[in-house]
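Subject: Structure for your review

Dear colleague,

Please find below the structure that I am handing over to you. I would be grateful if you could read the notes that follow it with the structure open.

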Amino acid sequence: MKSFKGYAFGMLLSMVLPTAIQAAEVQITAPSGEVSIYQTAALLAHPEAREIVITTDNAYGQDMTYRAVPLISLIGDANSVDDQTGLEVIALDGFVANIPVPLIVREGEENAQAWLAIEPDSAPWPNLPGKDVSAGPFSVVWVNAAASHIRSEQWPYQVSKIGYAEFPAARWPQLALADGAPDNAQQGQSIFIDQCFACHRMNGAGITELGPDLNLPMNPVDYFKPDALFMLIRDPATVRQWQDMQMHGFSEEQLSDDEIHNVIAYLTEMSTRKAE
């Protein structure tokens, strides 16, 4: 009877484990619409994969060594897309990064180079600071990021899908400012799309579900004093804290004081342009 129980348990494991343990994979859609699914082992063995060193990695805040593949070699003919199309990178938690294609296709040491870092099953990456998960299984990282002024939100980690989409400003008219909007609000719109739109919607525009819409039903300028809103963007924990808070702050290197004020100028203008 004992041997039968052992046999039955083994049979149960054989039925359960294949569905419980799934290989990590990332879905990449080319401009043609062709979808490719890459698993960890295949990417680690990719002919263009190699070890790279990232100085002050955005996710970890320290130098990191990764095995990675040049992103340009995975995303199809990026030069075939029009100037209103960008790369859309979606993370497991719903974070959505919009990366202009020119940043990906520029070559030469004078430009930043985008790589897809791969977390080996045999050598997991460390947990992210303050979290119980790593940046894996796949992460977009940049060599020489400062050369092309890569924004902090253009380093998506825990990547699950990569594809092409119209730039947010062209895709969603409800992001638009009124004609004649002040220059600082126009600059703030661009910064908002780069740095805030990854987690937040605006007037219903966007595909992320990570953070709340910043104009519906109310805009933050409707209920925050200007100084408090500035502090919330710079370092949310100085304004409010809770155990599961997701929003991180922005250092002065990531967003200057003027850039934060420009974002607030954009929010202020948009507070009078709520979508119906």
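This is a predicted model: local features need pLDDT of at least 70, side-chain atom pairs count only at pLDDT 80 or more; totals for chains, interfaces and linings use all residues.

Five strands form an open sheet in the order β2-β1-β9-β5-β6, and their pairing is mixed. Its edges are β2 (35–39) and β6 (96–100), each of which pairs on one side only. On average, neighbouring strands of this sheet are turned by 20° against each other, direction ignored. Within the sheet, β1 (residues 25–29) and β9 (residues 159–166) run parallel and are joined by 2 bridges. I28 has I162 in β9 as its bridge partner.

Leaving aside residues up to four places away in sequence, I162 touches Q27, I28, T29, L71, I75, L87, E88, V89 and L116. As general background, nonpolar side chains in soluble globular proteins tend to be buried together.

Helix α8

Helix α8 (residues 257–270) consists of 14 residues. From its first C-alpha to its last it reaches 20 Å, close to the 20 Å expected at 1.5 Å a residue. Its buried residues are I260, N262, V263, I264, A265, Y266, L267 and M270. The cover over these buried residues includes α5 (183–196), α6 (220–223) and α7 (226–234).

A buried asparagine

N203 sits in the loop between α5 and α6. Is N203 buried or exposed? Its relative accessible area is 4%, and because a residue under 20% counts as buried, N203 is buried. The side chain of N203 makes a polar contact of 2.8 Å with the side chain of N215. Residues up to four places away in sequence aside, N203 touches Q174, D213, N215, L216, M270, R273, K274 and A275. One of these, M270, is also among the buried residues of α8.

Backbone features

Two cis peptide bonds deserve a look in the viewer. One joins G136 and P137, with omega about 10°; P137 lies in the loop between β7 (113–118) and β8 (138–143). Another joins L216 and P217, with omega about 0°. P217 is located in the loop between α5 and α6, where N203 is also placed.

Positive phi values are found at T56 and H149, neither of which is a glycine. For T56, phi is about 50°, and T56 belongs to the loop between β3 (50–54) and β4 (64–70). For H149, phi is about 55°, and H149 belongs to the loop between β8 and β9. How accessible is H149? Its relative accessible area is 68%, and since exposed means over 50%, H149 is exposed.

With kind regards

Terms used:
Residues are numbered from 1 along each chain as its sequence is written. Side-chain values use heavy atoms; hydrogens and water are left out. Two strands pair if DSSP finds at least two bridges between them. Helices (H or I, at least four residues) and strands (E, at least two) are DSSP runs, numbered from the N terminus. Axes are lines fitted to C-alpha atoms, for helices over the stretch in contact, and angles run from 0 to 180 degrees between N-to-C directions. The expected span of a helix is 1.5 Å times one less than its number of residues. Buried means under 20% relative accessible area, exposed over 50%, partly exposed in between (1.4 Å probe, protein chains only). Contact means heavy atoms within 4.5 Å. A polar contact is a pair of N or O atoms within 3.5 Å; within protein, one must be able to donate a hydrogen and the other to accept it, and residues adjacent in sequence count only if both atoms are side-chain atoms.
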